[in-house]
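Have the sequence and the 3D view open as you read.

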Amino acid sequence: MPYILKDSFLSMILSVIGIILLGSVPYMFSGMTFNTIGYLDGITEMFRVMLNPEEIMYFADSGPYPLFPSMWGIYGYSVTILFAAFFIAIIVALMFALFIFMLPSGLKNRIRVFSFVFESIPDVLIAIGIQFFIVWFFKKTNILLFQVVSLYDQKTYFVPILCLTILPTFLILRILLLNIEEEYEKLYVDTARSKGMGSFRILWRHVLPNTLLSVFHQSRNILWFMLSNLLMIEFLFNIYGITSLIRTSGNPAVFTISMLLLFVPMFLFFTLLRVITFKWVGEK
């Protein structure tokens, strides 16, 4: 356990330094030429600005604004959508995995093929399709199911979270089904069956905990995958979130602080997850 915390702390410090160095890259270029001295000066300026965040400005349609405290509302909106979609995807995939695994093998294979094909559909098509369906339903019935774009005084949550949840749900479901099948081939399952344990009890008490460990190990890649799709979601639904702020600001300091605000909480979350799984495996 101390090794995990020490290793994680060192990794976080090195990653933060790397983000600051990456955020200072625009200072490296002077026109079409490299400017090494300018890059070193830019790194120094970046550290100075980060120690005085009240000086940082970002530009909106109505003019320049101080980054803080406006940043917290922008950041909170994006993080709410991202993590809500992440946890919903895990819960829904787990429920479907439990249900599907109790089905006959032929039906399970058809569902697996459907899941694989559905994963190949681009996220942007899913999001646009849901938007079109809501608009079409509104035109036919004059009933607006959900707000499809975010306005200045009205924020939309349900549809962006839904669009961001769909593909990760199928990805996690495929991981769960594959790992459940691998666990059922191990010796301890045969031992449990020989003692008279039922299939669902074996699945719930023994197979599923070991399977969830694999999902936890893959969750970092899944969340980064969802983060890459967040820019598309914010663009389609007119959400002024953190990825939109990075895209439109053009300020190295805004980019650096935004990346740090995304990276540090996610890193701490996965470190906590790593500690929990370490204790879980140790206890088992």
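Where is the place of Pro69? Pro69 sits in the loop between strand 4 (63-66) and helix 3. This is a predicted model, and in it the peptide bond from Phe68 to Pro69 is cis. Its omega is near 10°. Most peptide bonds are trans.

**Overall layout**

The protein chain has 10 helices and 4 strands. Along the sequence the pattern runs α-β-β-α-β-β-α-α-α-α-α-α-α-α. The chain counts 284 residues, and 41% of them are buried.

**Annotated transmembrane regions**

An unreviewed UniProt entry carries the annotation "transmembrane region". According to that record, it covers residues 9-29, 74-101, 113-137, 157-177, 222-242 and 254-276. Two of these spans are described here by their computed geometry.

**Helix 3 against helix 6**

Two packed helices are described by the angle between their axes and the distance between the axes. Helix 3 covers residues 70-101, and helix 6 covers residues 158-184. They pack at an angle of about 40°, and their axes are 7 Å apart. That angle makes helix 3 oblique to helix 6. The crossing of the two helices is right-handed. What is in the contact of helix 3 with helix 6, by class? It has 24 nonpolar, 2 polar and 1 charged residues.

**The salt bridge**

How many salt bridges does the structure hold? The count is 1. Glu45 pairs with Arg48, and the closest N and O atoms are 2.8 Å apart. That falls within the 4 Å cut-off for a salt bridge. Both residues belong to helix 2 (residues 36-51). Glu45 and Arg48 are 3 residues apart there, so about one helical turn separates them. An α-helix has 3.6 residues a turn, so residues three or four places apart point the same way.

Are the two partners buried or exposed? Glu45 has a relative accessible area of 30%, so it counts as partly exposed. Arg48 has 36% relative accessibility and is also partly exposed. Buried would mean under 20%, and exposed over 50%.

**Around helix 9**

Asn238 lies in the loop between helix 8 (199-236) and helix 9 (242-249). Its phi is positive, near 55°, and Asn238 is not a glycine. Most residues other than glycine have a negative phi. Asn238 is partly exposed because its relative accessibility is 48%.

Which residues of helix 9 are buried? Ile242, Thr243, Ser244, Leu245 and Ser249 are buried there. Gly250 follows helix 9, and its phi is positive too, near 70°.

**A contact across the sequence**

Leu268 is part of helix 10 (residues 252-283). Its relative accessibility is 47%, so Leu268 counts as partly exposed. Leu268 and Ser8 are 260 residues apart along the chain. In the fold, the C-alpha atoms of Leu268 and Ser8 are separated by 8.7 Å.

Key
Residues are numbered from 1 along each chain as its sequence is written. This is a predicted model: local features need pLDDT of at least 70, side-chain atom pairs count only at pLDDT 80 or more; totals for chains, interfaces and linings use all residues. Side-chain values use heavy atoms; hydrogens and water are left out. A salt bridge is a side-chain nitrogen of Lys or Arg within 4 Å of a carboxyl oxygen of Asp or Glu. Buried means under 20% relative accessible area, exposed over 50%, partly exposed in between (1.4 Å probe, protein chains only). UniProt positions are given in the numbering used here, feature names are shortened, and annotations may be inferred rather than shown by experiment. Axes are lines fitted to C-alpha atoms, for helices over the stretch in contact, and angles run from 0 to 180 degrees between N-to-C directions. Angles under 35 degrees count as roughly parallel, over 145 as roughly antiparallel, 65 to 115 as roughly perpendicular and the rest as oblique. A crossing is left-handed if the near helix is turned anticlockwise from the far one by less than a right angle, and right-handed if clockwise. Ala, Val, Leu, Ile, Met, Phe, Trp, Tyr, Cys and Pro count as nonpolar, Asp, Glu, Lys and Arg as charged, and the others, Gly among them, as polar.
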